Amino acid sequence: MTLYGVGLGPGDAGLITIKGRETLESADVVYTPGRLSRSVATEYVDDEQLGDLDFPMTRDEDELRDAWKAAAAEIAPTAADGTAAFVTLGDPNVYSTFGHLRRTLDRFHPAVDVEVVPGVSTVTAFATAFDVEITAGSELVLREAARGAAPVGPDRLVLFKVTDVPTTHEKLREAGYDVTYGRRLFMNGHETIVTDDPSRLEERDYYTVAYAEKPGVGEAPATAAFGAETEADDD
Ligand SMILES: C[S@@+](CC[C@H](N)C(=O)[O-])C[C@H]1O[C@@H](n2cnc3c(N)ncnc32)[C@H](O)[C@@H]1O
């Protein structure tokens, strides 16, 4: 009796792990918390395998607890008779709804085993999309920047939930950061935008990540400076 939390990666169905794909293919029921995660999961599972869960759009903590209790009560019998999977975009243990489900199952259905299949998180995928190298020895901090917030302090920040890019941008620039934004990175069938121009991102889109860096931070790695020698010098 196992519930697998499966990370789908950022949205490109090709970026799920082999283990994640195999887990979905063999699950009796696959639960999806949203339309985007469902559209990725359906690349690997048949419609009949999909389970239905209802999640209210609310910040009310009582309503949320009730919704997760109902979700856990729906999932527990499936996991008791076989295997169930719950998918999330990115990684299930990074800023994810999966934590609510795991805690609720632990509390009300402790006989259900929970296993996690990690996924490619935006925390790392942004670096490839922005062509940024986080060199060994760097410090990188993950924060939220919803509704125009701009957490500042560390030299390098990854910011999730950047829902008001122009306001966040102004604050980050004032604090001395260079900032790059990515919208819908690695999402098949969606327009992906990577830019440092906030005027291109005035429209709100929850799937927006930012990378902020103070100019000139960090030491250059040894291989950044070879001097004047050329390939021919090696012969
Ligand atoms: C609730 S968190 C989920 C993070 C996810 N579990 C992960 O590991 O990537 C949602 C935030 O992740 C970021 N995000 C997730 N997928 C993204 C994508 N494909 N492109 C850009 N940002 C993304 C956005 O900042 C979004 O507001």
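Predicted model: local features only at pLDDT ≥ 70, side-chain atom pairs only at ≥ 80, totals over all residues.
## Strand pairing and the overall picture

Two strands count as paired when DSSP finds at least two bridges between them.

The protein has six helices and ten strands. Of its 235 residues, 34% count as buried. Along the principal axes, the C-alpha trace spans about 65 × 50 × 30 Å.

## Strand β7 and its two partners

Let's start with β7, the strand that covers residues 156-160. Four of its five residues are buried, leaving the strand mostly covered.

On one pairing, β7 meets strand β6 (residues 141-144) in the parallel sense, over four bridges. Here E144 stands opposite F160 of β7. The other pairing brings β7 together with strand β10 (residues 208-213), this time in the antiparallel sense and again over four bridges. In that pair, R156 has E213 in β10 as its bridge partner.

## The open sheet

Next comes an open sheet of five strands with parallel pairing, in the order β3-β2-β4-β1-β5. Its edge strands are β3 (50-51) and β5 (113-117), each of which pairs on one side only.

Within the sheet, strand β1 (residues 2-7) runs parallel to strand β4 (residues 83-88), and six bridges join them.

## Helix α3

Helix α3 runs over residues 61-81, 21 residues in total. From its first C-alpha to its last it reaches 31 Å, close to the 30 Å expected at 1.5 Å a residue. Where does α3 bend? The bend is at I75, by about 25 degrees, and a proline, P77, follows within four residues.

I75 is also one of the buried residues of α3, along with W68, A71, A72, A76, T78 and A79.

## Around the ligand

How many residues surround the ligand? There are 22, and the closest are G90, V94, S121, T122 and F160. By class, the shell has eleven nonpolar, eight polar and three charged residues.

Why does the ligand lie between domain 1 (2-117) and domain 2 (122-213)? The reason is that both domains give residues to the shell around the ligand.

Notes. Residues numbered from 1 in each chain as written. Buried ≥ 20, exposed ≤ 12 C-beta atoms within 10 Å, placed from the backbone. Helix = DSSP H or I, 4+ residues; strand = E, 2+ residues; numbered from the N terminus. Near = placed C-beta within 6 Å. Nonpolar A, V, L, I, M, F, W, Y, C, P; charged D, E, K, R; others polar. Domains from an automatic or database assignment. Expected span 1.5 Å × (residues − 1). Bend = angle between axes of the 7 residues up to and from the residue.
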